[in-house]
Amino acid sequence: MPEASEVARFYDQLAADYHRVYADWDASMARQGRALDAVIQAELEVGGGASVLDCSCGIGTQAIGLGLCGHRVTGTDISASAVSRAVREAAQRGVPLPAAAADMRRLPFPDGRFDVVVSADNSLPHLLTAHDVRTALTEMRRVLRGGGLLVVSTRPYDEIRRARPASTPPQLAASPHGRSVSFQLWDWHPDGERYDLEHFQLVPDGGDWSVRVRRTTYWALTQGQLTRFAVEAGFTDVTWRTPERSGFFQPVLTARVG
C-alpha cells in the first residue's frame with residue numbers, strides 16, 4: 001500500500017538520528033520502560049515478566065525499556081532500518097530482542113502468542129482510515145492470548161485538534177559533537193483531523209549545520225474515536241490513563257481480550 005511505503009521511508013530515513021529527539025535517550029528509555037511496566041503490572045499478574053510484542057518498536061525505545069524491566073519482548077516495525085538498529089541497541093545493553101520488519105496490519109505470529117501488545121509513541125495514527133485502524137487493532141487482538149492486554153499511546157489529540165498547532169517547540173539533544181535541534185511543522189488537512197508533518201533536525205557538522213527533513217502524515221485520533229475502534233475490534237475494558245496517572249509521557253489506552 002502506498003502509505004505503508006511512505007511511512008517505512010520516513011522511519012528508514014530517521015532511524016540513524018531518532019535518538020536525537022531525546023535529550024538523553026537512555027534515560028528516556030528507562031523512564032518509559034518503567035512507566036509501561038507499571039501499567040502492565042497493574043493489569044496483569046505476570047510474575048517473572050510478560051511475553052510482550054512491541055508492534056511499532058522503532059529503534060527500541062519502549063522495547064528495550066521493557067526488556068530492562070524483565071519482560072520478554074519481541075519487536076516489529078514497518079521500517080527495516082529501525083528494526084536493525086533496535087536489535088543492535090538492545091544487544092549493546094544486554095537485552096534479548098528478537099525482531100522483524102512487519103506491518104502492524106499483518107503481524108507474522110500465530111493466534112494467542114503474547115500476553116501484551118504495545119504500540120506506543122503515536123504510531124497507530126500513521127494509519128489514515130478507519131478500515132486500517134480497525135485492521136491493525138484486530139491483528140493485535142488476534143495475537144493476544146485470552147485475557148491479554150493491549151497498550152497504546154498517542155498524542156493528546158483531543159486538545160491538539162482544538163488548538164490545531166502549526167509547529168512543535170524545538171527539542172535539544174547533547175552529543176560529543178555538540179547540540180542538535182529537532183522540531184516539527186504541521187500542515188492540517190481541510191477535514192481538521194489529519195495533518196502532514198515535516199520533521200526537521202539540525203545536526204552539528206564541523207563548524208556548520210546539517211539540516212535533515214523527513215515527511216509523513218498522521219490522523220489525529222481522539223480518545224473517543226480510538227476507543228470506538230478498539231471496541232469494534234473486539235476489545236473490552238477500554239480505559240485511558242493520563243500522563244499524571246501512568247507516568248508515561250502520552251495518554252495511554254489499555255484494553256483486554258475477553
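I looked up the largest cavity and noted a volume of about 310 Å³, where a cavity is a set of points on a 1 Å grid over the protein atoms alone at which a 1.4 Å probe fits but cannot get out, and a volume is the space filled by probe spheres set on the points, which are joined across faces, edges and corners. Of the 25 residues that line this cavity, having an atom within 4 Å of a point, I find Y11, S56, D77, S123 and H126 closest to its centre. My search of the whole structure finds 1 cavity of 30 Å³ or more.

The model is predicted, with local features needing pLDDT of at least 70 and side-chain atom pairs pLDDT 80 or more, while totals for chains, interfaces and linings use all residues. Residues are numbered from 1 along each chain as its sequence is written, and side-chain values use heavy atoms, without hydrogens and water.

For the cavity lining, I note that α1 gives the most, with 4 residues, and that α3 (61-68) also supplies at least two; helices are DSSP runs of H or I with at least four residues, and strands are runs of E with at least two, numbered from the N terminus.

I then turned to the largest pocket, an open set with protein on both sides within 12 Å along at least five of seven lines, and recorded a volume of about 580 Å³. Its lining has 26 residues, with D121, R155, Q171, Q184 and F249 nearest the centre, and α1 (2-14), α2 (25-43) and β8 (194-205) each supply at least two lining residues.
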